Amino acid sequence: MKRLIVSLMVVAGALLSACTEEEEFLQTAGLAGTYDVALVSYPKEGAEAGPDLLFVTSADNNELRVLSLEERPEERRFIRAPNPLQPLAIPVLPRPQALTRDVRYDASGNEQTGRLVFARSSGSTQISVVSAQRDVLREVRRMDTTRLTQGASVGPVTAFAARAPEEQGGATTLFFATQETTGARLWSATLPARTVLEGEVGLNEEARTEIVATPLPVLTLPASVAVNALLVMPEPADVPSHPGVLAVATRGAAGTVYRVDLRPVGGGVQELNFGGQVLQLATHGQVDYQEVRQITSDTRREETERVEAGRYLYGILDPSSCGVPAQCTGVLAVDTRTGRVAKDASGRDALGNVDRTLNDMLPLSAGSGLPTGLSVVTQRNLRVQAGEAADRLDPDPGVTATRQRGLTLPLLGIVPLSNGTILFFDALNMLHLNVDAIWASGVEKNTVTSTLTLTNAQGVARAPRDPRNANPDVVFNGTFGVTRDQTYVLTYQGLLPGMASVQRQTDGAFLVPYVPRAGKGPVPQPGDLITLLTAATGGQACATEVRVLSVQAPVAPATQATLVPSGDLPEGCPYADYKYFQVRAGGAQPLVLSSGSEDYLARLGTGGEYSRTGPYFFHPPGYTGLSENLDVRISVPGERLDDPQIGLTRGDRYVVTTDGHFYPYLISVELIGSLFFFRLPGSVVQATVDGVDYAYIAYPSANGVLEVELTNITAGVANRFGLTPFL
């Protein structure tokens, strides 16, 4: 009944679409279970020329749908079935959740796709083979890996990849991994030519060309791992008839990533050290780019640099395999020439040129979102945002304007995230695209900055003691790449942590926590102010305060200190009525320091200082290799804070707002209208249509695909323009 209703709705939408072109463009395909996408590219010239095809899972219907990427945006729609009132549905194995296509790299290092798409389902031993030929578009073989391996495998398929034939009409090689009770196993199978597969549709199994899978040579996996990703890599251009190169990611006690050269002679296995386990893999084609280099102090030269296809392998790190997930979340790349983490472009030589031999890249992530997909593409355009730094030296030293990167990125990385955002990064330089690299005139670039304001307890700004701020009451220092955007507040005679409302003892003693915040040290001290209260909720306060004469530290295992008042308690505040009290900072350290994320950091007074170090969360230009540096230093120079000339009153606050001058190229979707359900993205592919670059992202939350025009988006905001949903 559910499918009948969906079909009726599709038919009704199609009939209504005859009214206008716009309505026809908005009709839906009825996707249900949009978990993965696969792009099949067609040549732009010759007999095979045509629009690229985007294959999309519709898992709840056990089908694939095909989006034709026509040159004119208004003509892009899911291909119609023979009955033009319905979109084409390609029946495949039950619950298709993952797709791949056959791919290879030509002699110039460019990616070339074949004409086969493969679908698998979690926990299944089946693989569907679909012809991506425009005039076919149907399942041409459904293979059971138990039969392919002649009973040697009975476990489900956990990953697959396919190597396209080098010549039209050739054979595709399918690679797949299964999970057996004895551990993971890798297999390869040579398929009949696509035309043969198409011609055998409808024949019984015995009449079809036999396909046999054999164990993958060269690599033997440990028994304690599972294979979770396979990727066809570019092959050495100088090796004719190369059988292929495969990247294999495994999870488990001995989980790692391998680059497997399948040549029987001269091949072998290379372990790639990502420093942890990897969930998804991506690589790139060959790319040439221009770089201006300072040869001498007064001589520059523009040089052409080349990155060979497959030099870098990018992986989504698995946070579940790390003790501190925040430190192993995001995208990391390995240089396949060395097997080690790739170097980023933050290093500089003595003449200021980029030196890509110095610093290991940091994992590229953004906030709390976990990567759900990954695509790396060559020579793609991405809209330039204000504040982005130049991607190379300016060839004209006389130009004083702020330099920015060019529109085209030699290698562009695209990462959808689980919090609904989409991250773009510089996959050549292994760095974030920093769209907040903006400094006011006269401020030193590549530094953190801060603003200082003085407010009263109600938040109303007070005039600073020094209007020019030449001798500020509070001074901040930090490090570009370590210091994040934050707000720090120093409250004069502020409440001490855990002492806003404390019940007095029956004998009248004042007991308070000695170290109320772990790791922050003792808090109460002589000179602090005790105010009696009538209730635990901060009821009527006694008008007269009592200063602390001394603090009696607790003796283990006790954790509370005893405050000794400097004199008798006020006569007008009898114990019977004032059974609670609070303690405020006084004496030599009357300032209570807190931040936007912590209610207590330290106590400060004249000449006092609070500082801490932290790790680099991105590598700034000229990074010298330190693992951590100064995160924050707040100091209070000058006269005593209780000097009447300063005029501080209880509750006055010094507010220090820091600006780390860093924000990654991150966009979100404005959740309105037809975009309302585009909240949780999945896998991503990239396509160039009529010279315009797009990303196509599967959204399980919307049962749809989102088209993102890369030169029509704005970082740091919720985007509506440049986004087109296909449902």
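Which residue in β37 does Val489 stand opposite?

1. Val489 stands opposite Ser594 in β37. The two strands concerned, β30 (residues 486–492) and β37 (residues 591–595), run antiparallel and are joined by five bridges; strands here are DSSP runs of E with at least two residues, helices are runs of H or I with at least four residues, and both are numbered from the N terminus. Two strands are taken to pair if DSSP finds at least two bridges between them.

2. On the basis of the model: this is a predicted model, in which local features need pLDDT of at least 70 and side-chain atom pairs count only at pLDDT 80 or more, while totals for chains, interfaces and linings use all residues. Residues are numbered from 1 along each chain as its sequence is written, and side-chain values use heavy atoms, with hydrogens and water left out.

3. On the sheet: five strands, in the order β28-β41-β30-β37-β38, form an open sheet with antiparallel pairing. Its edge strands are β28 (449–455) and β38 (602–604), each of which pairs on one side only. From one strand to the next the twist averages 25°, with axes being lines fitted to C-alpha atoms and angles running from 0 to 180 degrees between N-to-C directions.

4. On Pro96: this residue lies in the loop between β5 (90–91) and β6 (98–105), and its relative accessible area of 0% makes Pro96 buried (buried means under 20% relative accessible area, exposed over 50%, and partly exposed in between, with a 1.4 Å probe and protein chains only). Not counting residues up to four places away in sequence, Pro96 touches Tyr35, Thr57, Ala59, Asn62, Glu63, Leu64, Ala119 and Arg120, where contact means heavy atoms within 4.5 Å. Pro96 and Ser58 are 38 residues apart in sequence, yet their C-alpha atoms are 7.3 Å apart in space.

5. On His432: located in strand β27 (residues 431–432), His432 counts as buried at 14% relative accessibility. The side chain of His432 reaches the backbone oxygen of Ser365 at 3.0 Å. Leaving aside neighbours within four places in sequence, His432 is in contact with Leu364, Ser365, Leu423, Phe662 and Pro664.

6. On salt bridges: a search of the whole structure finds 35 of them, a salt bridge being a side-chain nitrogen of Lys or Arg within 4 Å of a carboxyl oxygen of Asp or Glu. One group, consisting of Arg141, Arg147, Glu200, Glu205 and Arg208, is linked in a network of salt bridges.

7. Because Glu198 and Arg194 are four residues apart in helix α4 (residues 194–199), about one helical turn separates them. Arg194 is buried, with a relative accessible area of 18%.

8. On two further pairs: Asp335 forms a salt bridge with Arg311, their closest N and O atoms being 3.4 Å apart. This pair links distant parts of the chain, 24 residues apart, with Asp335 in strand β22 (residues 331–335) and Arg311 in the loop between β20 (299–307) and β21 (312–317). Asp335 is buried, at a relative accessible area of 8%. Arg612 forms a salt bridge with Glu598, with the closest N and O atoms 3.2 Å apart. Arg612 lies in strand β39 (residues 609–615) and Glu598 in the loop between β37 and β38, so the pair ties together parts that are 14 residues apart in sequence. Arg612 counts as partly exposed at 24% relative accessibility, and Glu598 counts as partly exposed at 26%.

Key:
Polar contact = N/O pair within 3.5 Å; in protein donor to acceptor, adjacent residues only side chain to side chain.
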